[in-house]
Every structure is written in structure tokens, then in C-alpha cells.
Amino acid sequence: MNADLHCHSTISDGLLAPREVVRRAYANGVELLALTDHDEISGLVEARAEAVACGLRFVNGVEVSVSWGDQTVHIVGLGFDATDPALLAGLQQVRSGRDERARCMSEGLAAIGIRGVLEGAQRYVGNPALVSRAHFARYLVEIGIARDMPNVFEHYLVRGKPGFVEHEWASLEDALGWIHGAGGLAVIAHPGRTRLAKSEMPKLFERFKALGGEAIEVVSGSQSGPDALEYARVARRYGFLASRASDFHGPGESPVDLGRAEILPPDLTPVWERLV
Ligand code: AMP
Ligand code: MN
Ligand code: MN
Ligand code: MN
């Protein structure tokens, strides 16, 4: 089955509207899609309506920003009730710090002579409640500060660089509590992209497992090919279900298009067996 269980729309930091994401997924041969905007689920109604119109199977999704020690980890929720009040309130709380963070990021960049970045980034923002580093990065590329998004991140938007601001996201406990409370499954997103030391990863997997976390993205457009072998081993060792995802943000920007991620190793149990 061509399942793609992690991608973004203009409701967070993607380039396409929810309905356009669904149409592109359908055109690319996706058979089961989850839209997983950052900390925000207001695109799901539009996406689902378009999926019904196309005849494409759709599951509700979200990508929750989580603080784990001094690092950020992303947890995808799948197949939850999108009207669940605790989930909605939790996500609202996670989003609420983003405006102040964005102001501080802009101040940090102004301090090295790059002015007006918040205003510039805002032209790329599709949802005023969700300003992301990706919007900053697009504007910084536009004005020629760096040649592409990965370069902007490396030099301006990661810890120790002028546009980086420390931020407290959700706790792992809260994120899994909201997802499970709404009847969903929890998935560790792109484990190969977390900046945790390799020796620190088992603590995350053990805690996630102890909290009832179900799955891990073995294949993600946001991690390298060899990472899939490593996280397949993790899935086997911890008994996690396996997910497959493009983490698509937009044409011309994302390395992997909707539905075009590698397939899962055949011995793993796909998370979608629990979703359809
Ligand atoms: P934020 O949630 O505001 O911290 O923004 C995180 C988003 O920035 C991610 O979801 C990606 O869309 C984007 N991002 C993070 N790191 C990189 C990178 N190295 N290259 C390109 N985009 C990145
Ligand atoms: Mn993103
Ligand atoms: Mn992510
Ligand atoms: Mn993502």
C-alpha cells in the first residue's frame, strides 16, 4: 500500500493548501494519506473533504513539537478524534508561544544587521497562529542571505546561531496524553533528524514505549536512506509499529514528494494496519 503518513500544508509551514496536498497525493498514487501540520489540526476538515471527493483514504494527523531535555523531538499523532477538547486545548497551548519566539528570532537577526525579518517572513505565513522557522528560512533565501533552506538553518536558525531562540514545547507525557486521549496512535517522527546524541536515543525510545507510544517513522523524507536500516532495528527491538512518510512541505523544496518515500522493510508491521 502506498501510505504517506506525514506531510504539511499552509495551515503550518507547507506551501500548498490542504486540498492541494490531497490532490497532489492522489495524483502521485498515494492510497492512504495523513496531513500532519505542526501543532495545528484546522486543515483536516478541508483535506478530508477533498480526499472523499478523490476517493483517497484519509486519516487525521498532527505533528506535535515536544521538548525532550534541551532538544526538540517531533511526535506525530494519527487517527484521533479531531474534535477532542483536551487535544485542541493542548495544541492551542503549544502554538501560543510561537509569536513571541518569532519576535525574538527577528531581534536576534536584527542584532547582526539583518532587519525586518519577521515582517518578511510573515509574507510566507499561511496561518497567523503558526509562524515557523521554515517561514523565516524562505524569506532569508529570498533576500539572498543563504543559497537554500538547509544552509539558512545551518548558519542562522539552529542553536548557537543568531536567529535561534530556546523554546519550551509540550512535554512527551502531555503530547502522548492528548493523542491517546483522543483515540489516536503516537509515532516518533524522523528519529534520524533529532539532534540527540546516539547514546541518548534509547532513553527516548524507552520513555516513549513506557508512555504507550506505538510507532516510529522507519522511512522518512527527512532522514537519510541508511537511517531506515537503523530505525527498522529499533522498531524490532522495542516492538514499535513502522511508519512511512514523505514529510513533504512543497514542490521544489522537499527532497521527497508525496507518496515517493522508500518502502518499509517487509518484516515490520506497518502502523496503518491499526488505522484502516
Ligand atoms: P519550527 O517548528 O518553527 O522550529 O520549525 C521547524 C521546521 O523547520 C521543520 O518542520 C522543517 O519544516 C524546517 N526545518 C528544520 N530544519 C531544517 C533544515 N535543516 N532544512 C530545511 N528545513 C528545516
Ligand atoms: Mn515543517
Ligand atoms: Mn518534524
Ligand atoms: Mn513534518
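Okay, so let's start with the helices around ligand 1: α4 (98-110), α6 (133-142) and α7 (149-157) each give the shell at least two residues. Helices here are DSSP runs of H or I, at least four residues, numbered from the N terminus. The biggest share, three residues, comes from α7.

Quick housekeeping: this is a predicted model, where local features need pLDDT of at least 70 and side-chain atom pairs count only at pLDDT 80 or more. Residues are numbered from 1 along each chain as its sequence is written, and side-chain values use heavy atoms, leaving out hydrogens and water.

So who's in the shell, meaning a heavy atom within 4 Å of the ligand? Among them are Asp13, His38, Arg98, Arg101, Phe153 and His249.

Now the polar contacts, which are pairs of N or O atoms within 3.5 Å. His38 has a side-chain N or O atom 2.8 Å from an oxygen of ligand 1. For Arg101, that kind of distance to a ligand oxygen is 2.8 Å, and for a polar side-chain atom of Arg98 it's 3.0 Å.

And where does ligand 1 lie relative to the domains? Domain 1 (3-95 + 170-274) and domain 2 (98-157) both contribute shell residues, so ligand 1 lies between them. Those bounds come from an automatic or database domain assignment.

Notes: Chains lettered and ligands numbered in written order. Near = heavy atom within 4 Å. Polar contact = N/O pair within 3.5 Å; in protein donor to acceptor, adjacent residues only side chain to side chain.
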